[in-house]
Amino acid sequence: MRILIKNGHLIDPGNKIDGKYNLLVEDGRISKLTKDSIETDAEIKVFDAEGKYILPGFVDLHVHFREPGFEYKETIKTGSLAAAAGGFTTVCMMPNTKPALDTPEMIDASYDKAKKEAVIKVLPIGAITKGQNGKELVDIKGMAEHGAVAISEDGKSVMASDLAYEALMRAKEVNMPVFAHCEDITLVKGGVMNKGKRAEELGLPGISNAVEEIIEARDVLLAGDTGAQLHLCHC
């Protein structure tokens with residue numbers, strides 16, 4: 001199948017392209033990219049992208065597909081379809097499933113499921129502690145060898161600083177980034193929204209910025225000491 005996308009404004013930072021181009025796609029791959037016109041025939045499907053942007057596929061580093069265990073919320077199949085509809089061709093799936101993605105076997109199972117049902121590339125992120133219980137580190141090296149692209153205790157922090165330090169050290173050894181959801185759970189105290197005027201007006205308990213910033217500061221310091229790659233989620 002051949003497709004011509006013409007008159008669109010192409011932005012491709014990786015190749016330093018920013019301008020109006022015509023693209024010919026053959027069998028799912030771009031075969032021609034030019035500012036000049038491209039001849040068409042009856043077998044070429046033409047899309048006029050005048051006034052529109054043409055962009056590479058987006059990558060989402062933080063998605064929740066909820067499979068296994070919470071399929072009534074989302075599945076790898078439905079999540080990938082939604083991502084594709086929004087222009088995303090690769091997503092990184094968080095590990096807060098049931099059971100959590102905390103073993104090399106669970107990482108394998110995620111890839112197997114995605115290969116069968118996903119319409120885009122789905123890359124699993126492994127948990128930091130077993131069952132995300134904050135007590136014992138997972139086999140970080142093993143999960144890296146089985147294709148986990150990062151580790152995260154998504155939805156919570158590793159509260160024990162010595163354990164967080166060890167996780168960063170092991171992640172550094174296998175060149176794996178650590179995605180941190182920064183929240184000192186001991187300071188949340190039943191809060192349900194950001195602390196401030198609006199919370200007071202609604203009569204709801206608020207969560208101060210310090211709850212996040214304390215763990216951010218700790219994790220940044222630990223990353224500096226270990227040399228690990230640290231990604232702070234949704235600051």
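A pocket is an open set of points, on a 1 Å grid over the protein atoms alone, where a 1.4 Å probe fits, with protein on both sides within 12 Å along at least five of seven lines; its lining residues have an atom within 4 Å of a point. The model is predicted, and its local features need pLDDT of at least 70. Residues are numbered from 1 along each chain as its sequence is written.

**First stop: the second largest pocket**

Select His 181, Cys 182, Glu 183, Met 193, Asn 194 and His 234, which are among the residues lining the second largest pocket. About 190 Å³ of space lies there, a volume being the space filled by probe spheres set on the points. Next, colour helix H6 (210–226), which gives 3 residues, the largest share of this lining; helices are DSSP runs of H or I with at least four residues, and strands are runs of E with at least two.

**Second stop: the largest pocket**

Now select Leu 10, Leu 23, Ile 30, Leu 55 and Pro 56, the closest to the centre of the largest pocket among its 14 lining residues. The volume of this pocket is about 300 Å³. Strands E1 (2–12), E2 (17–26) and E3 (29–34) each supply at least two residues of the lining.

A nonpolar core is a set of buried (under 20% relative accessible area, 1.4 Å probe, protein chains only) Ala, Val, Leu, Ile, Met, Phe, Trp, Tyr and Cys residues joined through side-chain atoms within 4.5 Å. Select Phe 65, Ile 76 and Val 122, which are among the residues touching the most other members of the 30-residue core. Helix H4 (161–173) provides its largest share, 5 residues.

Key: This is a predicted model: local features need pLDDT of at least 70, side-chain atom pairs count only at pLDDT 80 or more; totals for chains, interfaces and linings use all residues. Side-chain values use heavy atoms; hydrogens and water are left out. Buried means under 20% relative accessible area, exposed over 50%, partly exposed in between (1.4 Å probe, protein chains only).
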